[in-house]
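Please consult the sequence and the structure while reading.

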Amino acid sequence: PRSSHDLVVLGDTLYAVGGWDLLGADGGETWCETMAALDLTAATPEWRSIPQPFTRRALIATAFHDRLWVIGGFTDSEEVSTQVDVFDPVTGRWSRGPDLPSGGVNGFAPAACVADGRLLASVADGSLLALDEQAGTWQSVARTSPRIVHRMVPVEEGVILVGGAAGKDNLDRVEWIALP
């Protein structure tokens, strides 16, 4: 069991990455140390475990350049993480991507997607970031309403941000952001 994780389809495989299992009022929690993978083309699909080099929840994951990108989250040490980890399904190896810019809780429950051929991340302070692959850094490309625990969907010439939370309020706001 896991919650506060993310799911991504990459090729013919469904990946469940990150998260934790809350064990009830007196049971504490168990952090997921492995990623689960399911071959969607198998005649009898079975989950297999792949070790993760991290234990985080409230993260986001997406497929980009035939790799699984795991962005941000909250650690088992109760810290917001700006770490980015990249899984290559061909080699079965993890590597580090460029961390998100630090500041506040920007790594907590971000949103991400691929739009216009770029990897994008929407973070808590309202920054819409694009990965600069040549520089190995994230660049701010637009401003949005600050929010966490939301989703970002690519659309023609931009992205749409859906839902989330800001402060103590859940948002019913949908925002279209043009990409420069």
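**Salt bridges, cysteines and surface patches**

Arg147 and Glu175 are both buried. The model discussed here is a predicted one.

Q: With which residue does Arg147 form a salt bridge?
A: Side chains of opposite charge can pair when their charged atoms come close. Arg147 lies in the loop between β15 (137–143) and β16, and its partner lies in strand β20, 28 residues apart from it. The closest N and O atoms of the pair are 2.7 Å apart, and the partner is Glu175.

Q: How many salt bridges does the structure hold?
A: One of them joins Arg147 and Glu175. Another joins Arg56 and Asp85, with the closest N and O atoms 2.8 Å apart. The number of salt bridges in the structure is seven.

Q: How many residues apart in sequence are the parts that Asp6 and Arg151 tie together?
A: Asp6 forms a salt bridge with Arg151, and their closest N and O atoms are 3.1 Å apart. Asp6 lies in strand β1 (residues 6–10) and Arg151 in strand β16, so the distance in sequence between the parts tied together is 145 residues.

Q: Is Asp6 buried or exposed?
A: A residue is called buried when its relative accessible area is under 20%. Asp6 has 4% relative accessibility, and therefore it counts as buried.

Q: How many disulfides does the structure hold?
A: A disulfide is a covalent bond between the sulfur atoms of two cysteines. Cys32 is buried at 10% relative accessibility, and Cys113 is buried with a relative accessible area of 4%. The number of disulfides in the structure is zero.

Q: Which elements give two or more residues to the nonpolar patch?
A: The nonpolar surface patch covers about 430 Å² and is made by Val153, Val155, Val162, Val174 and Trp176. The elements that contribute two or more of these residues are β16 (151–155) and β20 (174–178).

Notes. Residues are numbered from 1 along each chain as its sequence is written. This is a predicted model: local features need pLDDT of at least 70, side-chain atom pairs count only at pLDDT 80 or more; totals for chains, interfaces and linings use all residues. Side-chain values use heavy atoms; hydrogens and water are left out. A disulfide is a pair of cysteine sulfur atoms within 2.5 Å. Buried means under 20% relative accessible area, exposed over 50%, partly exposed in between (1.4 Å probe, protein chains only). Patches are made of residues with over 30% relative accessible area and no salt bridge: like charges are joined within 9 Å, nonpolar side chains (Val, Leu, Ile, Met, Phe, Trp, Tyr) within 5 Å. Accessible areas come from the Shrake-Rupley method with a 1.4 Å probe; for residues, only the protein chains shown count as cover. A salt bridge is a side-chain nitrogen of Lys or Arg within 4 Å of a carboxyl oxygen of Asp or Glu. Helices (H or I, at least four residues) and strands (E, at least two) are DSSP runs, numbered from the N terminus.
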